[in-house]
Amino acid sequence: MNDTTPDTTGDDSAGSEGNDSYGHKPFKRSKSHFPDRITADGRDGWPVEPGRYRLVVSRACPWASRALVSRRLLGLEEALSLAVADPIQDDRSWRFTLDPDGKDPVLGIHHLSEAYDARERDYPGGVSVPAIVDVPSGQLVTNDYQRITLDLATEWTALHRPGAPDLYPEPLRAEIDEVMEGIYRDINNGVYQCGFASSQQEYEEAYAALFARLDQVSARLADRRYLVGDTITEADIRLFTTLVRFDPVYHGHFKCNRNKLTEDPVLWAYARDLYQTPGFGDTVDFDHIKRHYYQVHTGINPTGIVPAGPDLSGWTTPHHREQLAGRPFGDGTPPAATVRDPAATF
């Protein structure tokens with residue numbers, strides 16, 4: 001990361017100064033500074049252990065939302081505790097003001113930056129989510145948003161619930177990786193390249209790549225229920241967390257306005273299918289999403305006004321994707337369902 005680039009390791013993580021700079025400096029997403037892995041054999045010094053680690057997320061952040069979905073689908077709620085940050089940051093970035101006394105009850109800290117400092121004093125980068133913290137030491141373990149969910153699926157298997165799906169099946173990994181790479185480059189990251197572009201040319205190039213990839217994905221999903229194979233995989237999780245934010249945020253706030261998600265019949269039905277699948281929609285909080293993007297990104301929305309729309313009631317309407325071949329959980333079972341009414345979240 002150079003000093004002219006807003007730190008965007010996971011989501012908006014640079015504090016007030018960095019958020020003011022969005023749209024005024026070249027955009028480049030940084031690599032994760034703390035790429036340690038929590039593995040079954042503990043080869044990085046962090047073995048999988050129930051109750052040892054705490055997952056820190058913002059429900060606003062698409063990268064963190066991947067971990068929320070994976071944790072629910074795999075049934076890791078008891079093994080990996082959860083801390084939810086306030087969607088509105090202050091100058092120290094992610095804070096625990098949703099908790100009593102503004103302090104995480106397990107870690108005993110007011111800001112996620114304190115766990116970063118415990119790991120590396122005077123760390124120069126931004127404080128990003130998702131992050132996993134070692135509870136006994138209070139130290140950050142990893143903020144590798146690209147790797148965390150893959151490891152939850154492959155390294156934490158001894159702690160998965162009975163009937164948990166295989167989100168990264170070995171025979172399909174090459175295809176999943178290929179599909180995810182294009183989705184990451186042009187869609188997951190592409191919406192940010194549009195929204196934080198500092199020149200017309202930069203914006204138009206990102207806009208063209210975004211919608212070309214969305215068209216490609218829509219064509220791929222026209223006759224298949226899921227992106228790879230006939231069950232939900234990591235690829236679907238990564239696409240969903242961008243699609244669910246598209247109309248509330250990216251279409252207007254990030255100028256991704258060729259069309260809305262609701263105007264693409266295939267992608268809209270696909271997104272509703274996932275939203276209505278236990279583990280997806282019940283992790284979504286449109287209130288957090290909208291307040292974060294519109295109130296934190298002062299560089300591109302200096303008024304901080306949060307739009308009243310769009311109408312969210314369509315998320316629970318029939319999608320008819322069950323008519324396509326495919327079983328969400330394969331031979332497994334869904335997690336216990338909880339209901340989140342999208343219309344009631346804002």
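**Exercise 1. Over residues 1-10, where does pLDDT stand, and how many contacts does the model have there?**

Step 1. Know the source. This is a predicted model, where local features need pLDDT of at least 70, side-chain atom pairs count only at pLDDT 80 or more, and totals for chains, interfaces and linings use all residues. Residues are numbered from 1 along each chain as its sequence is written, and side-chain values use heavy atoms, without hydrogens and water.

Step 2. Read the confidence. pLDDT (the predictor's confidence in each residue, from 0 to 100) stays under 50 over residues 1-10.

Step 3. Read the contacts (heavy atoms within 4.5 Å). Residues 1-10 have 41 beyond four places in sequence.

Step 4. Check residues 341-346. Their pLDDT is below 50, with 17 contacts beyond near neighbours in sequence.

**Exercise 2. At what angle do the axes of helix 8 and helix 9 cross?**

Step 1. Locate the helices (DSSP runs of H or I, at least four residues, numbered from the N terminus). Helix 8 spans residues 234-250 and helix 9 spans residues 265-275.

Step 2. Take the axes (lines fitted to C-alpha atoms over the stretch in contact, with angles from 0 to 180 degrees between N-to-C directions). They come within 10 Å and cross at roughly 110°.

Step 3. Classify. The helices are therefore roughly perpendicular (65 to 115 degrees).

Step 4. List the contact. Helix 8 gives Asp236, Leu239, Phe240, Leu243 and Val244; helix 9 gives Leu267, Tyr270, Ala271, Leu274 and Tyr275.

Notes:
Helices (H or I, at least four residues) and strands (E, at least two) are DSSP runs, numbered from the N terminus. Angles under 35 degrees count as roughly parallel, over 145 as roughly antiparallel, 65 to 115 as roughly perpendicular and the rest as oblique.
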